[in-house]
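Subject: Structure handover

Hi,

Here is the structure I promised you. Please open it first, then read my notes below.

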Amino acid sequence: MNHQTPRKPHIVFYFSDTGGGHRSAAEAIIEALNLEYKDQVTTEMVDFFKDYAPRPFNHAAEMYPYMVKAPQLWSASFHASDGRARARVITSTLWPIARRAARSLVKSHPADLIVTVHPFANSFALRALGKDRPPFLTVVTDMVTTHALWYDTRADFILVPTENARKRALKCNMPPEKVHVVGLPVADRYCQPLGRKSTLRKKLGWPARKSMVLVVGGGEGMGPLAKTAQAIDASGLDLGLVIVCGRNQRLKATLESYQWENPTVIYGFTRDLPDFMRAADFIVTKAGPGTIAEALNAQLPIILYAKLPGQEDGNVTFVQEEGAGVWAPKPQDVVRTLTRWISRPAERQKVVENCRRAGKPEAARTVAHIIGDRLGLDEDA
């Protein structure tokens with residue numbers, strides 16, 4: 001007798017490497033699916049821009065670091081293209097150019113369920129899939145200022161990170177029953193219990209008794225990171241600095257040759273950021289949604305010193321409204337905030353509490369459960 005093993009449901013994730021957050025969110029959901037449902041599904045990630053978009057859109061990932069270096073232009077294009085009617089015009093206008101690519105994408109990667117973590121994939125893929133299609137989930141990876149392209153009423157579920165993003169979805173005519181606030185999915189390493197700072201610091205070789213400030217500039221080490229770190233060092237505050245330069249080798253070399261007054265540790269690209277966040281007392285970072293979500297999970301007071309105009313504006317507002325941190329665009333603003341928090345422990349503790357309340361460490365697993373329910377997976381298997 002030939003007992004065939006039933007085929008496992010196959011989940012395809014559409015993402016793009018325009019900014020680090022889309023890939024990270026997809027990977028976090030896949031990790032959560034494996035943790036919650038072991039080997040019950042197969043997964044695949046498709047970089048739809050790089051592999052399928054017509055020229056010049058297939059070079060979007062390489063162009064992205066240059067585009068964000070012109071922030072006013074970026075902001076103008078974000079706002080000029082935002083809005084439900086405008087989003088529809090964009091997708092209708094581009095459809096003749098994108099049609100063949102979109103059809104090729106959906107045909108080449110058959111799926112039992114599709115998850116998209118990038119606003120540009122939604123409408124084109126849904127149109128190419130037509131009526132007889134698998135369940136389609138959109139996981140919004142911008143925190144607050146979410147572009148109208150995220151919201152296509154044909155999607156089965158729109159999973160958003162914040163209440164403000166939910167309101168935005170409803171404004172874009174999404175049916176309320178399709179929109180769920182789940183938080184921003186981040187890797188499981190950022191969602192672990194906190195542990196003791198002293199133990200982590202010993203393991204990392206950091207000073208045990210000083211206030212430790214973690215300065216992060218994103219994967220590319222963007223923003224006025226060096227100037228900010230040097231101002232903190234020259235502030236006269238009794239603290240230690242941990243600076244993460246990402247892939248920016250030149251910045252790392254510059255900082256390593258600098259004469260620091262305080263104990264300072266400089267890292268390039270690192271996988272130890274979850275431990276860094278749990279061991280530090282404060283984070284100084286640009287307003288990327290992933291880093292904010294990770295810092296909230298680590299209950300780490302946030303000082304935002306740079307942002308991408310347009311899509312990251314709302315992240316700043318969100319952090320301020322939650323009482324989880326401040327906007328400090330000038331180095332002296334950063335120093336002033338650190339001075340206040342270090343000299344007023346009760347105020348700092350309140351910010352820590354606010355971070356804890358705003359954090360959603362279970363986000364990736366929540367998304368995994370929504371997928372599991374849709375596919376009829378068994379958690380206890």
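Two strands pair if DSSP finds at least two bridges between them. Helices (H or I, at least four residues) and strands (E, at least two) are DSSP runs, numbered from the N terminus.

A word on the source. This is a predicted model, where local features need pLDDT of at least 70, side-chain atom pairs count only at pLDDT 80 or more, and totals for chains, interfaces and linings use all residues. Residues are numbered from 1 along each chain as its sequence is written, and side-chain values use heavy atoms, with hydrogens and water left out.

Now the whole chain. The protein chain has 16 helices and 12 strands. Of its 381 residues, 55% count as buried. Buried means under 20% relative accessible area, exposed over 50%, partly exposed in between (1.4 Å probe, protein chains only).

Next, strand E11, residues 302–306. Five of its five residues are buried, so E11 is mostly covered by the definition above.

Which strands does E11 pair with? Strand E10 (residues 282–286) runs parallel to E11, joined by four bridges. Val 284 has Ile 303 in E11 as its bridge partner. From E10 the chain passes through helix H12 (residues 289–297) to E11, in a right-handed β-α-β crossover. Right-handed means that, with the strands pointing away from the viewer, the path from the first strand over the helix to the second runs clockwise.

Strand E12 (residues 325–327) is also parallel to E11, with three bridges between them. Here Ile 303 has Val 326 in E12 as its bridge partner. The chain goes from E11 through helix H13 (residues 313–321) to E12, and this β-α-β crossover is right-handed.

Best wishes
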